[in-house]
Amino acid sequence: MDIEDRDDQRDADAGSSSELVRARDILPVTIPVLPQSERPFFPGQAIPLLVDPDRWGETLKVAQESSNNIIGLLLADASRAELATIENFYQMGTACRIHRVGSMDGRMQVLMEGVERFRVTEWLSEAPPFTARVEYLPEKRYEEIPEIKAYAIAVINTIKELIPLNPLYGEEFKMFLEHFHPNDPSHLADFAASLTTSAKHEQQEVLEALDLLTRMKRVHVLINKELEVAKAQAHIRKRVEDEMQEHQREMILREQMKVIQKELGISKDDRTAEADKFRERLETLVVPDVAMKRIDEEMEKFSVLETGSPEYATTRNYLDWLTQLPWGRYTDDQLDLDAARIILDEDHDGLADIKQRILEFIGVGIMKGEVSGSIILFVGPPGVGKTSLGRSIARSLGRKFFRFSLGGMRDEAEIKGHRRTYVGAMPGKFIRAIKDTQSANPVIMLDEIDKVGASYQGDPASALLEVLDPEQNVDFLDHYLDVPFDLSKTLFICTANQLDTIPAPLLDRMEVIQLSGYLASEKMEIAKNHLLPRQLERNGLKARGQLRIDKAALRKIVEEYAREAGVRRLEKYLGTIARKAVIKILKGEKTPIHVRAGDIESYLGKPVFVKEKRLSGIGVITGLAWTAMGGATLSIEATRIHSFSRGFKLTGQLGDVMRESAEIAYSYILANAERWGTSPDFFENSLIHLHVPAGATPKDGPSAGITMASALLSLARQRRPLRTLAMTGELTLTGQVLPVGGIREKVIAARRANIRELILPEANRGDFEEIPDYIREGVTVHFATQFPDLVPLLFDKPATRKRR
């Protein structure tokens with residue numbers, strides 16, 4: 001329809017062909033389009049819009065340059081107007097006249113008035129500025145229909161109900177009445193739809209409803225939904241206001257009651273109540289005179305301080321700590337040796353020598369009548385039960401138990417507390433442990449004492465000297481308390497993985513108990529009696545009823561996956577099997593899930609450890625080493641590379657001490673070559689290469705000295721050892737064999753490699769004899785004082801072996 005036809009149609013509709021029409025009132029068929037992403041725009045609305053000048057400035061310019069200032073507002077199904085394309089535009093929108101354009105905060109503010117609905121018939125521009133050919137949809141004139149009138153009255157009544165709930169509705173309704181008559185159902189429907197907060201597609205459906213009755217029905221639904229939302233908001237707001245008023249009323253009444261009670265003498269203020277609470281605590285305590293004098297001084301000061309002053313809070317906290325400590329309150333020890341033995345056996349399998357040492361310690365306490373003034377240090381690899389042994393000791397004595405870790409601690413205030421001059425000052429961990437246990441003689445476990453650090457804030461290891469010295473901790477002085485507290489009745493148990501990093505003065509105050517690790521048989525018992533039941537419980541499985549692991553499967557896990565000294569990794573692998581069994585049960589697999597040795601790889605993957613293969617041959621000797629995971633066998637190899645020049649080469653990532661041991665072994669064998677039946681020319685004209693396998697693993701220590709010398713001697717004599725044996729010991733330049741550490745772990749490693757004949761230093765005879773009989777059983781040990789003592793054992797035919 002062109003402009004002339006449209007004008008004729010409008011004149012016919014108006015009933016007067018002679019009536020003049022202003023040019024600006026003629027709506028063009030081609031208009032610029034501005035996308036809307038939030039909600040559609042209705043005819044009759046006059047709303048200022050904020051638009052991005054960079055994006056839509058050209059579109060507004062095109063509209064303003066036309067004679068009638070008409071622009072089309074069209075809803076787009078996009079999250080932002082900038083993302084709108086012609087594919088996601090709705091087809092029906094509102095033609096608007098631009099009245100005023102301004103700027104605000106860098107954006108264009110455009111005042112528009114909705115004129116008439118239109119439908120897009122053709123897009124003339126597919127990119128901004130959008131331009132479209134449109135068909136206008138003028139509002140039809142309706143005769144007065146009762147149903148439409150009824151809906152109009154219902155909508156007006158709903159709006160009247162909304163006005164008291166939100167004053168903004170009233171302002172909008174006033175503006176509507178200034179421009180339109182309430183009996184105009186078309187504009188009423190559009191206004192009511194714009195008034196709601198309904199979804200944009202619901203409002204678009206109202207815009208697209210050309211039939212007035214259909215439009216009124218849709219608007220009636222939306223305006224009633226809006227009424228329900230407004231009522232709910234008003235209800236929530238009223239409930240919050242009522243609660244706030246009730247709280248304010250209660251607060252006022254409480255304050256009035258306090259004043260009345262105070263006037264009548266039947267109530268106390270906060271300061272008096274606190275002071276009475278502190279005195280009540282002291283009634284059941286036996287406080288030393290020095291501490292009691294300090295408490296009395298602080299109470300006197302506390303009674304005159306204003307409750308709002310900072311000093312009041314500081315003094316109150318100080319008195320709170322002083323009166324909460326268990327002055328003179330001790331737990332009665334359960335000095336029963338048989339009961340202690342039962343508890344230790346219940347909590348731990350194996351460790352027979354450690355249990356015996358603990359029982360001896362408790363036995364001494366029984367003879368003295370009390371267990372006090374003792375500091376025990378458990379030293380051993382991770383996962384061997386150091387912490388759990390501490391808990392068992394506390395349980396067997398019937399004492400309270402408190403544990404904290406010293407690992408990484410760098411501030412001595414953690415030990416001795418902060419001075420009260422600092423904001424947020426607190427006592428040290430020992431006083432906090434006493435307060436938490438409410439006993440003056442608890443068992444306090446200090447984990448990872450070998451990992452205490454030092455910094456500019458002090459040296460915690462030095463601060464521990466006072467705590468762990470029985471002669472000094474009778475009057476332990478915490479910086480925060482500033483009064484002595486008796487820690488002499490406290491039993492301190494420390495744990496460490498090694499002794500090297502513990503300061504000598506601190507180590508001197510402790511009684512060291514070594515935990516070397518477990519045999520495979522001990523690990524299997526621990527897994528059966530402790531680890532597996534615990535993992536079954538943690539994973540929601542019934543004990544023995546839903547998961548069964550064969551003895552052979554347990555042995556395979558111990559020997560091929562969890563060979564370390566402790567059992568921590570063993571428990572992790574058992575937990576992995578339990579979790580995978582849970583998945584199988586949930587999938588409907590029949591219970592019990594039976595895990596055999598052949599199934600282990602499907603649960604845990606390929607073995608972590610392969611069976612130790614002992615090397616043999618000329619120049620190859622098996623040594624024994626200590627590692628963080630326990631003991632290990634080590635085959636040391638020596639070979640002659642060429643005979644052109646003299647030289648000695650070392651490989652295997654050896655540390656400085658181990659390199660020195662190799663140099664000593666080379667020098668000793670070279671100096672005594674003729675004694676051992678070989679020519680010195682062999683070394684004089686040979687480049688010797690000595691290698692310690694597992695080159696990726698760092699190695700250090702002096703205990704491989706006699707092993708390296710034996711490998712060089714075997715190479716020089718071109719004879720292989722006639723016995724299957726392993727050895728350990730430090731060698732000197734004069735051929736002396738010196739003692740080394742880790743004898744128990746090394747003997748266990750030899751048993752694991754099926755080597756039953758060992759050479760040890762004579763000075764380690766006592767260490768070997770302290771090893772339990774079940775470990776020594778079947779092992780033949782030769783003790784050497786000098787290197788010549790072990791040469792016949794290597795190269796002479798075996799005689800009758802002596803069992804040790």
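**Close-up views of a predicted model**

**View 1. An antiparallel arrangement built around strand β4.** In this predicted model, strand β3, covering residues 70–75, and strand β4, covering residues 92–104, pair in the antiparallel sense over 4 bridges. One of the residues to look for here is Ile70, whose bridge partner in β4 is Arg97. Strand β4 is also joined to strand β5, residues 107–125, by 12 bridges, and these two strands run antiparallel. Within that pairing, Gly102 stands opposite Gln109 in β5. The two strands β4 and β5 form a hairpin with 2 residues between them, and Asp105 in the turn has a positive phi of about 55°. As background to that last value, most residues other than glycine have a negative phi.

**View 2. The whole protein, for orientation.** The secondary structure of the protein comes to 28 helices and 24 strands. Taken along the principal axes, the C-alpha atoms fill a box of roughly 140 × 95 × 55 Å. The radius of gyration of the protein is 46 Å, whereas a compact globule of 804 residues would have a value near 28 Å. Of the 804 residues, 45% count as buried, and the protein exposes about 41,000 Å², of which carbon and sulfur atoms supply 50%. Among the contacts with a separation of 6 or more, 73% are accounted for by residues 24 or more positions apart.

View 3. Strand β7, residues 375–379, pairs with β13 in the parallel sense over 4 bridges, and within β13 the bridge partner of Ile376 is Glu511.

View 4. Gln438 is found in the loop between α15, residues 429–437, and β9, while Glu448 has its place in the loop between β9 and α16, residues 460–467. Phi of Gln438 is near 55°, a positive value in a residue other than glycine. Glu448 likewise has a positive phi of about 55° although it is not a glycine. Gln438 counts as partly exposed, at 29% relative accessibility, and Glu448 is partly exposed too, with a relative accessible area of 27%.

**View 5. A cis peptide bond in a loop.** Thr591 and Pro592 are joined by a cis peptide bond, for which omega is about 0°. Pro592 has its place in the loop between α20, residues 568–586, and β15, residues 593–595. For comparison, most peptide bonds are trans.

View 6. In one of them, Trp123 and Phe130 form an edge-to-face pair, 6.1 Å centre to centre and with 70° between the planes. Trp123 counts as buried at 17% relative accessibility, and Phe130 is buried with a relative accessible area of 1%. Phe768 and Phe783 also form an edge-to-face pair, with 6.1 Å centre to centre and 70° between the planes. Phe768 lies in helix α26, residues 765–769, and Phe783 in strand β24, residues 780–784, so this pair ties together parts that are 15 residues apart in sequence. Both Phe768 and Phe783 are buried. Elsewhere, Phe402, Phe404, Phe430, Phe476 and Phe492 form one aromatic cluster.

View 7. The place of Thr158 is in helix α3, residues 146–165. At 4% relative accessibility, Thr158 counts as buried, the cut-off for that class being under 20% relative accessible area. Leaving aside residues up to four places away in sequence, Thr158 touches Ile223, Asn224 and Leu227.

Methods
Residues numbered from 1 in each chain as written. Predicted model: local features only at pLDDT ≥ 70, side-chain atom pairs only at ≥ 80, totals over all residues. Heavy atoms only, no water. Pairing = 2+ DSSP bridges. Rg over C-alpha atoms; globule rule 2.2 N^0.38 Å. Buried < 20%, exposed > 50% of the residue type's maximum accessible area, 1.4 Å probe, protein only. Contact = heavy atoms within 4.5 Å. Areas by Shrake-Rupley, 256 points an atom, 1.4 Å probe, with all protein chains shown as cover. Phe/Tyr/Trp six-rings, centres within 6.5 Å; stacked < 30°, edge-to-face > 60°.
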